[in-house]
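Work through the exercises below with the model open. Each task is followed by its solution.

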Amino acid sequence: MIFREVEDRDLIAKARRGQVDAYNVLLSRWEKRVFNYLLRLVGHREDAFDLSQDVFLKAYQNLRKLDDPAKFPGWLFRIAHNEAYSLLRKNRPEGELAVEPKTGVSTARMYPMELSLTVERALEQLSADQREAVLLKVYQGFKFEEMAEILSCPVSTVKSRLYTALDLLKETLAPVNMGGAE
Amino acid sequence: MSCSSVDLKAYVYGEDAGPIEEHLRSCQSCREELERLRVNHTALMALEQVETPQRIAYISDKVFEPRWWQAIWRSGPAMGFASAALLAAAIFAHAFTRPATVINQPGAVNTAEIERQVNTRVDAAVTKAVSEAEARQAAMFAKNLDVVEKRFADKQQADMANVEQVVRYYEQQRSRLLVAANDARGGGQ
């Protein structure tokens with residue numbers, strides 16, 4: 001992780017000096033994480049890909065505005081967050097993602113693919129804010145302070161959303177946690 | 001349930017949760033809650049990470065190459081050159097289009113104007129030439145007149161001299177005759 005940070009910083013410095021190849025390497029390192037984050041947020045593969053494209057283009061265009069290269073991950077995900085919510089607001093002006101009807105989680109033994117789909121459905125049952133908190137913390141490993149910067153809200157709000165989401169997920173995935181998972 | 005003073009979720013996810021280890025050793029319910037949170041986290045991590053449907057386009061890809069007008073727009077020196085070229089074009093356009101906006105039929109009016117000017121100049125030149133010729137003729141006439149008058153005066157003077165000579169001759173002849181006559185009369189007495 002330390003090596004990666006150092007290398008990211010080096011790549012960012014080179015990209016800021018106009019070395020496009022360095023930015024391409026940086027992009028290839030982060031594209032899967034950004035794409036998965038966007039995919040779980042917007043729930044649509046094509047939209048997530050288009051948004052990923054926009055995110056990396058905007059990041060390149062604004063790379064000189066990044067004060068501290070060490071903050072690149074949070075800065076990148078803030079761009080991704082803004083892009084995703086622009087799309088969500090356009091598609092759903094009421095500002096709230098549709099919540100899929102709750103589906104019971106079978107207690108039968110699950111294969112990894114089934115378990116993945118179960119988790120996916122459990123995430124979809126969360127509100128958009130709760131789901132994003134989980135995505136940033138559980139899957140991207142950001143600190144509370146970084147999440148607060150990405151989401152433009154206080155740390156207390158971040159913790160509230162995350163903890164509520166984790167309680168809901170624990171409840172939804174309880175059958176799995178009780179022995180369904182392999 | 002866990003104790004409300006202990007932030008187990010922060011602890012599970014690597015945040016600073018304070019001195020929690022000692023509490024866990026003495027609190028069965030918190031240990032069980034911590035275990036549930038870890039199992040839940042393990043289940044969450046089963047979510048498959050999806051590959052991108054295709055590679056995200058690199059900045060160096062053809063699709064991001066600026067169009068020719070974008071390249072010019074982003075280039076300072078080129079923009080300066082383009083501005084100068086546009087300004088020059090505007091000046092030329094203004095210079096060529098301005099007479100057309102003032103005069104409705106520029107071709108006809110220009111020809112008439114030119115014709116008028118040419119006629120004026122020709123008239124002036126002809127008048128000047130005629131006057132010069134007249135002056136030359138007058139001078140020649142005056143000169144000839146002087147010559148003729150001088151000749152006439154000389155001839156007149158010569159004629160007068162001849163007349164006086166003739167008159168003197170005849171007076172001498174008359175005097176001689178008178179003398180002869182007187183002599184004749186005096187001898188006959």
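A contact here means heavy atoms within 4.5 Å. The model is a predicted one.

**Exercise 1. Find what share of the contacts in chain B with a separation of 6 or more comes from residues 24 or more positions apart.**

Step 1: keep the contacts in chain B with a separation of 6 or more. Step 2: pick out those between residues 24 or more positions apart; they account for 36%.

**Exercise 2. Describe the fold pattern and the burial of chain B.**

Step 1: count the elements. Chain B has six helices and zero strands. Step 2: read along the sequence. The pattern is α-α-α-α-α-α. Step 3: turn to burial. Of the 189 residues in chain B, 12% are buried.

**Exercise 3. Check the span of helix α3 of chain B and list its buried residues.**

Step 1: take residues 28-44, a run of 17 residues. Step 2: compare spans. From first C-alpha to last, the helix reaches 24 Å, close to the 24 Å expected at 1.5 Å a residue. Step 3: list the buried positions. They are Cys30(B), Glu33(B), Leu34(B), Leu37(B), Asn40(B), Ala43(B) and Leu44(B).

**Exercise 4. Characterise the contact between chain A and chain B.**

Step 1: count residues. Chain A gives 40 and chain B gives 31. Step 2: take the area. About 3400 Å² is buried between the chains, 65% of it from carbon and sulfur atoms. Step 3: count salt bridges. There are five between chain A and chain B. One of them joins Asp7(B) to Lys159(A), with the closest N and O atoms 3.8 Å apart. Step 4: find the leading element. On the side of chain A that touches chain B, α2(A) gives the most, with 11 residues.

Methods: Residues numbered from 1 in each chain as written. Chains lettered and ligands numbered in written order. Predicted model: local features only at pLDDT ≥ 70, side-chain atom pairs only at ≥ 80, totals over all residues. Heavy atoms only, no water. Helix = DSSP H or I, 4+ residues; strand = E, 2+ residues; numbered from the N terminus. Expected span 1.5 Å × (residues − 1). Buried < 20%, exposed > 50% of the residue type's maximum accessible area, 1.4 Å probe, protein only. Buried area = accessible area lost by both parts, 1.4 Å probe. Salt bridge = Lys/Arg side-chain N within 4 Å of Asp/Glu carboxyl O.
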